[in-house]
Amino acid sequence: MDAEKLSSEVENIFDTCVRVFLLKGYETSTMEDIAEACSISPEALKGYYATKHDLTFAALRWYYLKFSRHVRDEMAMHSDLYAAMEAVLFAFIEICSDQIHANKGLFLRTFVDISYVDDEVKKEFEVLEADWQGQMLNKFRQCQSELKNPEDVEILAYYVRTVIEGFYEMVKFNTPDEVMYQLARVSLEVVESRMKTAPPPEQKRFFDRP
């Protein structure tokens, strides 16, 4: 599914289904509950997605691709490792901030939680996560000559992913943006400590962040 071509009506269905899951719980929510919240008939909703699983699967894929694409694009804009990882972390925080301001702060985290109770959703989530981790790992491999020890490539890629997963939890508890930016800075110090040469201060973008 191309996130850029999604109709506003379908996007509203996705947003609404997440709100229903948050309010009623994923396992107890029904297509009728979602249709009522969307102000459409159950038949109209099923014209888009036949089952709750189909709807959840489509919403998960759309949200994940929509937001991971933005982060990947930010990473791809930088050829050096520090700037690329800085862009990844800051882009993710900005996405989280935008979601909070749009009253969607828990949406990304909700799909992670749903994956624990729906095996099919879990499988799809794992595929998407593996793809994202692979792209992160490829970036570290492209820049491995910048590292003191090239063997750190894989562990650093997992480290950055763990930091991002930590931001998921921080969003859940309404952590202020400035705190997440501060933690991003600390996390970047770990990456910097493994590099042969520290990036010049003027190449660091976080001086204008909170």
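A contact here means heavy atoms within 4.5 Å. In this predicted model, contacts between residues at least 6 apart in sequence join residues at least 24 apart in 72% of cases.

Of its 210 residues, 47% count as buried. The chain exposes about 10,600 Å², and carbon and sulfur atoms supply 52% of that area.

**Cavities**

The structure holds 3 cavities of 30 Å³ or more. The largest cavity contains about 170 Å³ of space and is lined by 14 residues. Nearest the centre of this cavity lie Tyr64, Phe92, Trp132, Ile164 and Tyr168. By class, the lining has 10 nonpolar, 1 polar and 3 charged residues.

The largest share of the lining, 5 residues, comes from α4.

**Tyr181**

Tyr181 is found in helix α9, which covers residues 177–193. Is Tyr181 buried or exposed? Tyr181 has a relative accessible area of 6%; buried means under 20%, and Tyr181 is therefore buried. Tyr181 and Glu94 are 87 residues apart in sequence, while their C-alpha atoms are 9.6 Å apart in space.

Notes:
Residues are numbered from 1 along each chain as its sequence is written. This is a predicted model: local features need pLDDT of at least 70, side-chain atom pairs count only at pLDDT 80 or more; totals for chains, interfaces and linings use all residues. Side-chain values use heavy atoms; hydrogens and water are left out. On a 1 Å grid over the protein atoms alone, a cavity is a set of points where a 1.4 Å probe fits but cannot get out, and a pocket is an open set with protein on both sides within 12 Å along at least five of seven lines; lining residues have an atom within 4 Å of a point. Grid points are joined across faces, edges and corners, and a volume is the space filled by probe spheres set on the points. Helices (H or I, at least four residues) and strands (E, at least two) are DSSP runs, numbered from the N terminus. Ala, Val, Leu, Ile, Met, Phe, Trp, Tyr, Cys and Pro count as nonpolar, Asp, Glu, Lys and Arg as charged, and the others, Gly among them, as polar. Buried means under 20% relative accessible area, exposed over 50%, partly exposed in between (1.4 Å probe, protein chains only). Accessible areas come from the Shrake-Rupley method with a 1.4 Å probe; for residues, only the protein chains shown count as cover.
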